[in-house]
Amino acid sequence: MNLFSLLDQTAARHGDRGAVHLGEQQVHTWAQLRERALRIATTLHGLGPGARIAVASENRPEIIEVMFATWAAEAVLVPVNAKLHPREIEQILVDAGAALVFASPSIAAQLAPVTGVPIEILDGPQYRSRCTAAPAAAPRNTDPTCLAWLFYTSGTTGRSKGAMLSHRNLMAMTVAHLADFDSPDDHSSLVHGAPMSHGSGLYVAPYVARGARQVVPASGAFDPTEFLDLCATHPGCSAFLAPTMVARLVQTGRDRPAHLRTIVYGGGPMYVEDLKKAMAAFGPVFVQLYGQGEAPMTITGLRRADHLGEHGWAPDAVLGSVGYARSGVDVAVLDAGGRPAAVGEVGEIVCRGDVVMAGYWNNPAATEATLRDGWLRTGDMGSFDAAGNLTLRDRSKDVVISGGSNIYPREVEEVLLEHPDVVEAGVVGAPDPEWGEIVVAFIVGQAPPAELDALLLDRIARFKRPKRYLYLDELPKNSYGKVLKRELRARLD
Ligand code: AMP
């Protein structure tokens, strides 16, 4: 089993059709993409099977070539987020033991030399000479447990770790995506709005499997206007976007572009108010995923139809949930004693299935702590309702325990965001001699504390109300757009 077979089959069926586009320009047909990947594969074979090939770049068409070349050579792709600090990129290259890094010109210019890791500029002279090598034979007998992708986690709760994803893991993700979420064909497109080093790049596989064209924005980044323009040009557009990107689409004030079909959002909380605004602007094109690098893009989800109710949108309890178990994945919530929690009871979310990683690269202690009794311990807290919808609370480390009661920041944040003068809200616990911890809310916006208190009293239990409100210009976020609760906590001192 090798993910290269997805490109092989599509090139056989749709060889002459456009495969990769940069903005509106076609870069390769499927036959050309296949051939280029096999030529590059020839030049990677010398590094040996299992060699780690890193790619540190803003979104560029070459990433797709390197991806399939790496799989054809039975090597392991190590995508690195382009927005990381050069020192963080270097740490990943060292941790992965990378044999080579393909970097965009701007990243190559910032990277300090890392011993034993040649830096090669994407589409530079050396890269172009790889593309003239004789094509390798397509791989035929790859062991499904062979690693395909080292996925470096976003490290919101600590240092980034490399989740080892095999060909089987990513094939399971591909099948689940096609079964649950989207049914692209050769008249469809995947627009790479989000970084291809993570979610958007993972989705290359299901869309290549169906011959949907790959559209890389010419800016190489997420620009809401450019994104909406591309969805007005290319046929049948789907994209994966982080919730913060969806909010930026709404802020453009534009309507649904003619060919926008599906936006898969996830990777961080989508607040109900924001989701409703997005659905009002663009219609029922939204699909939610809950996943993590360790079970890529695939733990639970809400399909397009699940966002709709009998007379409009689905109830808030559904829109505020992360949906139900994805095809081929078992999902459970365990109580503190490791037993299945009752309906409504909050515990740690665990999952198992072919999509779950083999472990963390060179980190047996973290692997042992995370893969236990056949389950992936996600570190997320949540509860099921009677219909099997999972509501995510918070990462276990972010739960506030005040006077012995658990308070889930997300619940308080959802209410705060209902105030028209709250732009962003981040809730954390602050140490307190009397209560153990107290709730503190960081607010971006002008809403006065008294109005926020009144709103909260109207919606949730009194003990969950923040005892302090602090105002900021914006919430600290990492380069994936995830709010850094640890930085908020650091601001309490
Ligand atoms: P990463 O491995 O960097 O993709 O981060 C995964 C984490 O993001 C999960 O463990 C969750 O805490 C969070 N996350 C992913 N999807 C969602 C979602 N749909 N809603 C809320 N949080 C999410």
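Predicted model: local features only at pLDDT ≥ 70, side-chain atom pairs only at ≥ 80, totals over all residues.
Q: Is D373 buried or exposed?
A: A residue counts as exposed when its relative accessible area is over 50%. D373 has 72% relative accessibility, so it counts as exposed.

Q: Which loop holds E74, and what is its phi?
A: E74 lies in the loop between α3 (62–72) and β4 (76–80), and it has a positive phi of about 55° while not being a glycine. With a relative accessible area of 25%, E74 is partly exposed.

Q: How many residues surround the ligand, and which element gives the most to that shell?
A: The ligand is surrounded by 17 residues, the closest being L289, Q292, G293, D380 and K482. The strand β13 gives the most, with five residues, and by class the shell has five nonpolar, eight polar and four charged residues.

Q: Which atoms of the ligand lie 2.9 Å from Q288, 2.8 Å from G293 and 2.7 Å from D380?
A: A polar contact is a pair of N or O atoms within 3.5 Å. A nitrogen atom of the ligand lies 2.9 Å from a polar side-chain atom of Q288, an oxygen atom of the ligand is 2.8 Å from a polar backbone atom of G293, and a polar side-chain atom of D380 lies 2.7 Å from an oxygen atom of the ligand. Taken alone, the ligand exposes 500 Å², of which the protein buries 88%.

Notes:
Residues numbered from 1 in each chain as written. Heavy atoms only, no water. Near = heavy atom within 4 Å. Polar contact = N/O pair within 3.5 Å; in protein donor to acceptor, adjacent residues only side chain to side chain. Areas by Shrake-Rupley, 256 points an atom, 1.4 Å probe, with all protein chains shown as cover. Helix = DSSP H or I, 4+ residues; strand = E, 2+ residues; numbered from the N terminus. Nonpolar A, V, L, I, M, F, W, Y, C, P; charged D, E, K, R; others polar. Buried < 20%, exposed > 50% of the residue type's maximum accessible area, 1.4 Å probe, protein only.
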